[in-house]
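Take a moment with the sequence and the fold before reading on. Keep both in view as you work through the text.

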Amino acid sequence: MRVYTTVNTKKIYSSLSSIASAGASGYKIYRATSKNGKYRLIKDAKASQRSYTSANLKTKKTYYYKMRAYRVVSEKKVHSTYSAVKKIKTK
């Protein structure tokens, strides 16, 4: 299983992780305005939520996304590694 976000009708997929394949509790989606910039958490989604649509984005601007899965173990979140960074330019 993997999660995706939709930007300009394009789906950005996370990569599978060992946590995801073992049953993730949720997924965190991050966005930045430059590839090596500061990524801000934009969504902490439950495992049952299969998609997220970014809203209120500026036109003709490039955004960078990455995601990671987590599993709750002993009341703590154990995170997978980050997915590859995906570059999306709005229309």
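This is a predicted model: local features need pLDDT of at least 70, side-chain atom pairs count only at pLDDT 80 or more; totals for chains, interfaces and linings use all residues.

Residues are numbered from 1 along each chain as its sequence is written, and side-chain values use heavy atoms, with hydrogens and water left out.

**The fold**

Helices (H or I, at least four residues) and strands (E, at least two) are DSSP runs, numbered from the N terminus. In sequence order the pattern reads β-β-α-β-β-β-β-β-β. Of the 91 residues, 40% count as buried. Buried means under 20% relative accessible area, exposed means over 50%, and partly exposed lies in between (1.4 Å probe, protein chains only).

**The salt bridge**

How many salt bridges does the structure hold? There is one. A salt bridge is a side-chain nitrogen of Lys or Arg within 4 Å of a carboxyl oxygen of Asp or Glu. Lysine 77 pairs with aspartate 44, and their closest N and O atoms are 2.9 Å apart. Lysine 77 sits in strand β7 (residues 76–79) and aspartate 44 in strand β4 (residues 40–46), so the pair ties together parts that are 33 residues apart in sequence. Lysine 77 is partly exposed, at 38% relative accessibility. Aspartate 44 is also partly exposed, at 34%.

**Buried charges without a salt bridge**

Lys and Arg count as positive and Asp and Glu as negative; His and the chain ends are not counted. Lysine 28 belongs to strand β3 (residues 26–32). Lysine 28 is buried but has no salt bridge. Its nearest side chain of opposite charge is aspartate 44, 4.5 Å away. Arginine 31 is in strand β3 too. Arginine 31 is also buried without a salt bridge, and for this residue aspartate 44 is 15 Å away.

**Polar contacts**

A polar contact is a pair of N or O atoms within 3.5 Å; within protein, one must be able to donate a hydrogen and the other to accept it, and residues adjacent in sequence count only if both atoms are side-chain atoms. The table lists contacts between side chains.

| Side chain | Partner side chain | Distance |
|---|---|---|
| Lysine 28 | Histidine 79 | 3.2 Å |
| Serine 54 | Arginine 31 | 3.5 Å |
| Serine 54 | Tyrosine 65 | 2.9 Å |

Where is serine 54 found? Serine 54 is in the loop between β5 (51–53) and β6 (62–73). At 11% relative accessibility, serine 54 counts as buried. The C-alpha atoms of serine 54 and threonine 6 are separated by 6.6 Å, yet these residues are 48 apart along the chain.

**An exposed lysine**

Lysine 89 is in strand β8 (residues 86–89). Lysine 89 counts as exposed because its relative accessibility is 56%.

**Two positive phi angles**

Most residues other than glycine have a negative phi. Asparagine 56 has a positive phi, near 60°. Asparagine 56 lies in the loop between β5 and β6. With a relative accessible area of 79%, asparagine 56 is exposed. Serine 74 has a positive phi of about 50°, although it is not a glycine. Serine 74 is in the loop between β6 and β7. Serine 74 counts as exposed, at 68% relative accessibility.
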